[in-house]
Amino acid sequence: MIRAVVALLLALLAIPALAQDSMPPAPYAYNQLDDPRLEAEATALMHTLRCLKCQSQSIADSDAPMAGDMRHQVRSRILAGESPDQIRGWLIARYGDYVSYEPEVSATTWPLFAAPVLLLLIVGGVLLRRLGKRRSDAGDAA
Amino acid sequence: MRSRLFLWVPLALFAFFAGVAGYMLTQEKDEFVESTMIGQPLPDFALDPAFGGLPGAAKGDLVGGKPRLLNIWASWCTPCIAEAPQLEALQARGVEIVGIAIRDRPEDVANFLGRYGNPYARIGSDRISEVQLAIGSSGVPETFVIDAKGVIRYQHIGDIRPEHVAVLLEELEKAR
Amino acid sequence: MIPEIGLAALWLAAALAVLQMVSGAFALKAAEGAVNPLAIYARPAAVVQAFLAVLAFLMLLWSFAITDLSIKLVASNSHSMKPLLYKLTGTWGNHEGSMLLWVGVLALSGGLLAGFEKRLPERTMGATLAVQGFVALGFYAFLLLSSNPFERLPVPAAEGTGLNPLLQDIGLAIHPPTLYAGYVGLSVAFSLAMGALLTNQVNPSFARVLRPWVLGAWVLLTFGITAGSYWAYYELGWGGWWFWDPVENASLMPWLAATALMHSVSVLAARDALRTWTIMLGVLAFSMSMLGTFLVRSGVLTSVHAFAVDPERGAFILGLLGLYIGGAFTIFALRAGAVAEGKRFAIASREGALVFNNVMLSAILAIVLLGTLYPLLTEVFDVRVSVGPPYFNPAGAIFAIPMLLVMAVGPLLRWKSDKPARLQFELALIAALVIGVIALVSFFGQFPLLPLLGLGLAAALAVAAFLPLRGRNLARVPVATWGMVLAHFGIAVSLFGMACEGAFSQERLAAVAPGGTEQIGDFAVTLESVTPVAGPNWTAIEARLAVSRDGGEPVILNPQARNFWSPPQSTSESALLTRWDGQLYAVIGNQAEDGRWQIRVWWKPFVTFIWYGGLLIALGGILAIAGRVKVDVKRRAAVTKGAERRADVEALDVASPVPAE
């Protein structure tokens, strides 16, 4: 008997409770701006903003209702004349760096930018050490 | 000798990674995105009533006199059902609760309040998550403590369980 | 009974892995040239183990095929109403099953190595098999102790809970098995590298043994990643083909390491240089595979493709990582100093170009690794950051662009030392193509920098790929050289596809009433109707889109929005119209309150070239393997013939003493 109850509970637990609204999406969630230049700006920005309700997706790649509402914010703000950087700043002020896929140089992200520079130095050093020894008779490569 | 030391670099890097990863495995995975608006004044907004029974909500309704709770919720959200008794308990303790219904229909809001009780002083309808995004909320339900000057003082993410009632009351007291 | 057989086979295989490890280790105790009597069990143990592990996998496959609901794994991941294909592929659409697939491939590659590799010295082979057995043992332990796929339910379930609908696709049949085979194929490179390091046998003949394994694994990885990218592209419904998601990066990192390894192995085989570096890459490539497994399964990183996340299992895998990667790096640090430095070479030489390529690939690997792990690092300090395409694309390009330029010239250079002046014409041609194409494209409009550079490079690389054939008798060009030409041409093709997708894609999102028409590029898309349809385990609404190019004969596309009921989840099934010069990608969304339907359509010029390029690269790898094997078989035949002749001579000349072997 207990086993049957356990099995039943397992079966019930496995079905996730889905909560979704049935409201129509915001006007600019699935509709483009009429001006192609502004739309291109908005699209580029949306691809670099993180959907907060999804697992590692940009708001440009998600069907989540909240991603739709964020797209609406982006498009309507672009239409109102805000620059993409202003909009990104507005969102970062609310959700922190997490919302932007484009890390900005700051106290917490500088190693990301130091790394390529450091790598360039290491790479240059390694190449010089390995290849530079017989430079005298070799000349320069392409 | 220098080149010998160089050979240990991969191991050192790996050990560093293993340490970080091992530490992170012991940490509770935090899926919540916290608002960075704590300490900031509430942004300006004015929302229409969510249904016929209560007035809508604007920033002005949350400023002046005493601290209040701003509850972000929706009739289609299951955890919101779970927190309804706790909101009523808070209301019974004299807390003024302003609701914002996210992507909701008037008839659904009325239905929900009829079934699970109505602890709200007013409810604004946010059909496109405008205010939700403006205050840095990333889901429903969430509850914010707003002080008398209209500054956001505290954010509670997820449904309010019975043990959270005291916490919220304390935060309201602190915001006084 | 079936699952019990599978479980027993797994336990037996684990026991044999112990035998293989111990017996292999005894080979190290033998004197030079002698064979330790206890070392003879390693090879048979590896071969039998391969049979047992594959048997265990087949048992699980069978349980999924008949939907044996008394098995917990089947009950929680399958459903009796699912089409047979997805029942079968569902075997590895979950943590335990995919781990069993991983272990099966691991044992199989170990068995193949033990069964067919006869060229290595016994001591090196013994050490290699011991390492392979040690690695296999850890994964058997993981499977048996914390992820038993054959666990029974106390009471059989009445019905299974089903498989994530996103996985119910032919992509699941192709992508994970090839990718896993590639990941795990690298385990042989790992074991061989350790074996050679432990017995100090890092030399060209070792490189020739290593090469087919690296090439094979690399081909499978290339194919697996290509298939995975296309799968994500049509399944996720937004037209993206690479997201720099942690799980995607986890598959890219072993590929980058394997690509570098493949090139450095060539240098080692041909010129006896880059010894330590090759060993390092051999260890690194499989380490990246294991790291990927850890990242995907432990849940320390958030990913759209993550499945079966469990911190406890994460701790187990991290332990294995510490044992294998930590152990390998320790042995590397202790022993690599003893490996004599290889032959030297000039900067302007084939080796010089290959070293440059290796260093650049490693730098890209470092960037991807850092970008992937960085959010994990900051979370230690409770700071959450996101690293995405705006970081990976430019940071990767810094190293990819010089690498691709050198790739165009490298195959033209001679080994050891060359005069760049000899290649004046080729260098001028490549430079002219890069600059010419960029200038030409910029003339027609404003495009982002990276796609623009990509177009210029793609044109130059496509031509440069065939330059090594210039002035040669095509009939006499070795098969392996054709492989290289094809693979390098594939890079150009793929790059062209990526650049075109980045620069020229067009997007149209609109709410359309039935009968309405939207224009995108040269295409007129008319929504003819929207109707409900039903499948075996889903219902859907299906749009009928008539697509006509420049007013031509319309073609019908049928994108669907599906609702699965077990588990309850909805997916959008995109509809694709493939033309030689691109793809039209259509998705149907929700119905608005006014009765109009939300549709999204993309025209992506030459996007298919991304995956055609991937296939060409993989095909190039296959040709390279075929070429090497052909040469090897010829050489072996010649050696056997020589030995026979010698034996005949000796038989005739009985009087002469038998020479000490």
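**Backbone exceptions, chain architecture and helix packing**

C:T67 lies in the loop between helix 2 (42-65) and helix 3 (72-77) of chain C, where helices (H or I, at least four residues) and strands (E, at least two) are DSSP runs numbered from the N terminus. The model is predicted: local features need pLDDT of at least 70, side-chain atom pairs count only at pLDDT 80 or more, and totals for chains, interfaces and linings use all residues. Residues are numbered from 1 along each chain as its sequence is written, and chains are lettered from A and ligands numbered from 1 in the order in which they are written.

Most residues other than glycine have a negative phi, and most peptide bonds are trans. The phi of C:T67, however, is positive, near 50°. C:T67 counts as partly exposed because 19 other C-beta atoms lie within 10 Å; a residue is buried with 20 or more other C-beta atoms within 10 Å of its own, exposed with 12 or fewer, and partly exposed in between, the C-beta atoms being placed from the backbone. C:K416, also not a glycine, has a positive phi of about 70°. This residue is placed in the loop between helix 13 (389-409) and helix 14 (424-444) of chain C, and with 16 other C-beta atoms within 10 Å, C:K416 is partly exposed.

In chain B, the peptide bond between B:V140 and B:P141 is cis, with omega about -10°. B:P141 belongs to the loop between helix 5 (130-134) and strand 6 (142-146) of chain B. Chain B contains six helices and seven strands, arranged along the sequence as α-α-β-β-β-α-β-α-β-α-β-β-α. The C-alpha atoms of chain B fill a box of roughly 80 × 30 × 30 Å along the principal axes. Of its 176 residues, 40% are buried.

In chain A, helix 2 (residues 36-46) and helix 3 (residues 65-79) pack at an angle of about 140°, with axes 10 Å apart; axes are lines fitted to C-alpha atoms over the stretch in contact, and angles run from 0 to 180 degrees between N-to-C directions. Residues A:L38, A:E41, A:A42, A:L45 and A:M46 of helix 2 meet A:R71, A:V74, A:R75, A:I78 and A:L79 of helix 3, contact requiring C-beta atoms, placed from the backbone, within 7 Å. The contact residues comprise seven nonpolar, no polar and three charged; Ala, Val, Leu, Ile, Met, Phe, Trp, Tyr, Cys and Pro count as nonpolar, Asp, Glu, Lys and Arg as charged, and the others, Gly among them, as polar.

Terms used
Contact = placed C-beta atoms within 7 Å.
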